[in-house]
Amino acid sequence: MARAEKVAAVAELTERFQTSAGAVLTEYRGLTVAQLGELRLALGDNATFAVVKNTLTKLAASEAGIADELSGLLSGPSAIAFVRGDVVVAAKGLRDFSRANPFLVIKGGVLEGKSMTPDEIGKLADLESRDVLLARLAGAMKASISGAAATMAALPVQMARLLAALQVKLEEAAPAQDTAPAVDAAPADAAASTEAAASTEAAPAEAAASTEAAPAEAAASTEAAPAEATASTEAAAPGGDAAAPGGDAGEG
């Protein structure tokens with residue numbers, strides 16, 4: 001290969017490393033051209049599969065800054081799957097094809113600048129694809145929105161029930177509040193009745209006292225009357241005596 005061709009090949013590989021989400025190195029020894037074509041179809045738009053030279057790949061990896069991650073994998077015939085789409089779908093395609101075609105051996109790779117072992121790539125293939133995860137997320141969001149809508153729709157009904165229950169409680173509490181003052185007022189009424197009874201009992205006593213006092217006053221008045229009459233008679237007698245001498249003098 002001419003130097004210019006090598007420079008162009010290294011530049012192309014470097015650009016693929018830099019623009020791809022990841023790269024999976026495989027050994028393809030024993031695979032036919034037809035089988036390689038089937039693998040490319042299986043990967044679809046998620047990855048491109050290319051047979052590479054190890055010397056050129058090492059230079060490209062060095063320029064892309066991932067030489068340490070790939071240097072130990074570049075031995076024997078190598079082919080690289082450059083992932084541009086869903087990394088999970090690409091990993092699934094490589095794993096499933098390697099199971100059906102044992103000549104395809106996954107050696108490892110690099111994903112977003114981090115090295116990956118064959119086991120880690122297999123675990124990545126076991127994950128759900130981005131489309132499935134997005135569909136699940138959309139379903140969960142739809143269910144959440146539906147649940148929120150149902151909750152909002154149920155709020156007026158729940159508020160109506162709550163208000164009705166509150167009204168019933170208020171109506172039940174009203175008679176109890178009306179009865180309480182009547183019970184409190186009963187002692188006051190009883191006290192008033194007791195005072196009235198006491199007043200009624202006191203009235204005869206006062207009447208009796210008045211009745212008893214009346215004869216005494218009458219007796220005192222009766223006793224005072226003769227004394228006054230006697231005094232009046234005694235006062236009138238000297239006057240009469242004086243008149244008698246006067247009369248005698250007239251006669252002489």
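Trainee: At what angle do the axes of helix α5 and helix α6 cross?
Mentor: In this predicted model, α5 covers residues 87-100 and α6 covers residues 118-126. Helices (DSSP runs of H or I, at least four residues) and strands (E, at least two) are numbered from the N terminus. The two axes (lines fitted to C-alpha atoms, for helices over the stretch in contact, with angles from 0 to 180 degrees between N-to-C directions) come within 8 Å and cross at roughly 115°.

Trainee: What does that make α5 relative to α6?
Mentor: The crossing is roughly 115°. Angles under 35 degrees count as roughly parallel, over 145 as roughly antiparallel, 65 to 115 as roughly perpendicular and the rest as oblique. Therefore α5 and α6 are roughly perpendicular.

Trainee: How many nonpolar residues are in the contact of α5 with α6?
Mentor: Contact means heavy atoms within 4.5 Å. Val 87, Val 88, Ala 91, Lys 92 and Arg 95 of α5 meet Ile 121, Gly 122, Leu 124, Ala 125 and Asp 126 of α6. Ala, Val, Leu, Ile, Met, Phe, Trp, Tyr, Cys and Pro count as nonpolar; Asp, Glu, Lys and Arg as charged; the others, Gly among them, as polar. With 3 charged and 1 polar residue in this contact, the nonpolar count is 6.

Trainee: Which pLDDT do side-chain atom pairs need to count?
Mentor: Residues are numbered from 1 along each chain as its sequence is written, and side-chain values use heavy atoms, without hydrogens and water. Local features need pLDDT of at least 70, totals for chains, interfaces and linings use all residues, and side-chain atom pairs count only at pLDDT 80 or more.

Trainee: Which strands stand at the edges of the sheet?
Mentor: The sheet is open, with 5 strands in the order β2-β3-β1-β4-β5 and antiparallel pairing (at least two DSSP bridges between two strands). Each edge strand has a single partner, so one side of it is left without a neighbour in the sheet. The edges are β2 (47-52) and β5 (114-116).

Trainee: Which residue of β5 stands opposite Leu 111?
Mentor: Strand β4 covers residues 105-111. It pairs with β5 in the antiparallel sense over 3 bridges. Opposite Leu 111 stands Lys 114.

Trainee: What angle does the direction of α5 make with that of β4?
Mentor: α5 packs on the sheet. It touches β1, β2, β3 and β4. Its direction and that of β4 make about 170°.

Trainee: At what angle do the axes of α1 and α3 cross?
Mentor: Helix α3 covers residues 54-64. Its axis and that of α1 come within 8 Å. They cross at roughly 50°.
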